[in-house]
Amino acid sequence: MTAIEAVLWGVLQGLTEFLPVSSSGHLVVVPWLLKLDPPGFSFDVLVHLATLLAVVLFFRAELVMLIRGLIQLIARRRADTPESRLASLVIISSIPAVLVALLLDAVIESAFSSPAAVAVFLLITGTVLCLAEKGRGARAMSEITPPDAGLIGLAQAAALIPGISRSGATMATGMARGLARPEAARYAFVMSIPVILGAAGMELLQLVTESGLTGSWGTLGIGMVAAFVSGYLAITVLFRFVQRHTLRAFSFYCWGLGLLTLVVFLVRGA
């Protein structure tokens with residue numbers, strides 16, 4: 001992998017990880033459309049760590065609140081402060097994704113080998129984003145209830161399928177539960193931190209124990225920097241965007257990429 005390729009793959013990961021367009025879907029269809037070899041496992045792990053650092057840095061205040069709340073929750077065994085209440089909600093939201101990842105790992109993995117299936121899920125993501133505005137309300141993140149957290153967690157679990165956007169699905173579900181768009185976005189990202197951290201940790205463990213680090217440190221480092229910078233910018237732009245605009249712009253993008261993938265699939269198949 002050249003330095004330019006590392007930058008391009010890193011930017012692709014950084015942008016799509018946080019914009020509601022499905023990073024996993026892009027990592028399937030983009031190499032397939034362009035007939036390129038996808039980056040190796042080492043590169044994937046390190047750019048995921050870079051995007052994790054971006055979201056942790058952006059939400060550092062909420063992360064401190066979450067950690068403080070978890071400590072309070074363990075010590076007091078009840079959610080009687082804003083911090084412990086947030087921690088309990090994030091735990092509820094994380095459970096579905098953990099269970100799905102453990103129980104349906106083979107099914108999810110098989111979806112990564114089918115560009116046509118990913119294309120269909122991209123079309124579904126676009127439709128969900130388009131319909132999200134119909135349920136938007138004015139509730140704040142502090143008003144989220146355990147049932148809300150559970151439903152948003154189910155949306156996060158569904159987003160383990162490539163083509164279903166995690167940020168898009170969780171934001172849309174939050175808005176369907178009456179959250180204001182910026183509040184739905186904030187909770188969607190805060191609740192994703194434990195799942196992203198867990199996934200990155202598992203990948204890193206696999207890299208260390210099974211695969212071993214491959215590739216030039218320089219190239220890997222360039223990819224990490226590109227992923228971190230583009231990821232942080234993506235979060236910043238998204239949060240400014242949702243203050244005043246709907247999510248429908250991302251709908252058109254997902255529909256366009258999904259339809260393009262299906263057309264190319266049919267042409268190549270013919």
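Helices (H or I, at least four residues) and strands (E, at least two) are DSSP runs, numbered from the N terminus. The model is predicted, and local features need pLDDT of at least 70, side-chain atom pairs count only at pLDDT 80 or more, and totals for chains, interfaces and linings use all residues. Residues are numbered from 1 along each chain as its sequence is written, and side-chain values use heavy atoms, with hydrogens and water left out.

**View A. The largest pocket, with a volume of about 1,600 Å³.** On a 1 Å grid over the protein atoms alone, a pocket is an open set of points with protein on both sides within 12 Å along at least five of seven lines, a cavity is a set of points where a 1.4 Å probe fits but cannot get out, and lining residues have an atom within 4 Å of a point. Grid points are joined across faces, edges and corners, and a volume is the space filled by probe spheres set on the points. Of the 38 lining residues, His-48, Phe-112, Leu-160, Ala-199 and Glu-203 lie nearest the centre of the largest pocket. Two or more residues each come from α1 (3–18), α2 (23–34), α3 (41–58), α5 (82–103), α6 (105–111), α9 (166–176) and α10 (181–211). Helix α10 provides the largest share of this lining, nine residues. By class, the lining has 21 nonpolar, eleven polar and six charged residues (Ala, Val, Leu, Ile, Met, Phe, Trp, Tyr, Cys and Pro count as nonpolar, Asp, Glu, Lys and Arg as charged, and the others, Gly among them, as polar).

**View B. The second largest pocket, of about 210 Å³.** Its lining includes Met-1, Glu-5, Trp-9, Val-30, Asp-37 and Pro-39. Helix α1 gives the most to this lining, with four residues. Nine of the lining residues are nonpolar, none is polar and two are charged.

**View C. The largest cavity, of about 40 Å³.** Glu-17, Phe-18, Arg-166, Ser-167, Ala-188, Phe-189, Ser-192 and Ile-196 form the lining of this cavity. Helix α10 contributes the most, with four residues. The lining divides into four nonpolar, two polar and two charged residues.

**View D. Packing of helix α7 (residues 115–132) against helix α12 (residues 248–269).** The helices pack at an angle of about 160°, with axes 8 Å apart, which makes α7 roughly antiparallel to α12 (angles over 145 degrees). Axes are lines fitted to C-alpha atoms, for helices over the stretch in contact, and angles run from 0 to 180 degrees between N-to-C directions. The contact (heavy atoms within 4.5 Å) involves residues including Leu-122 and Leu-129 of α7 and Trp-255 and Phe-265 of α12.

Terms used
Angles under 35 degrees count as roughly parallel, over 145 as roughly antiparallel, 65 to 115 as roughly perpendicular and the rest as oblique.
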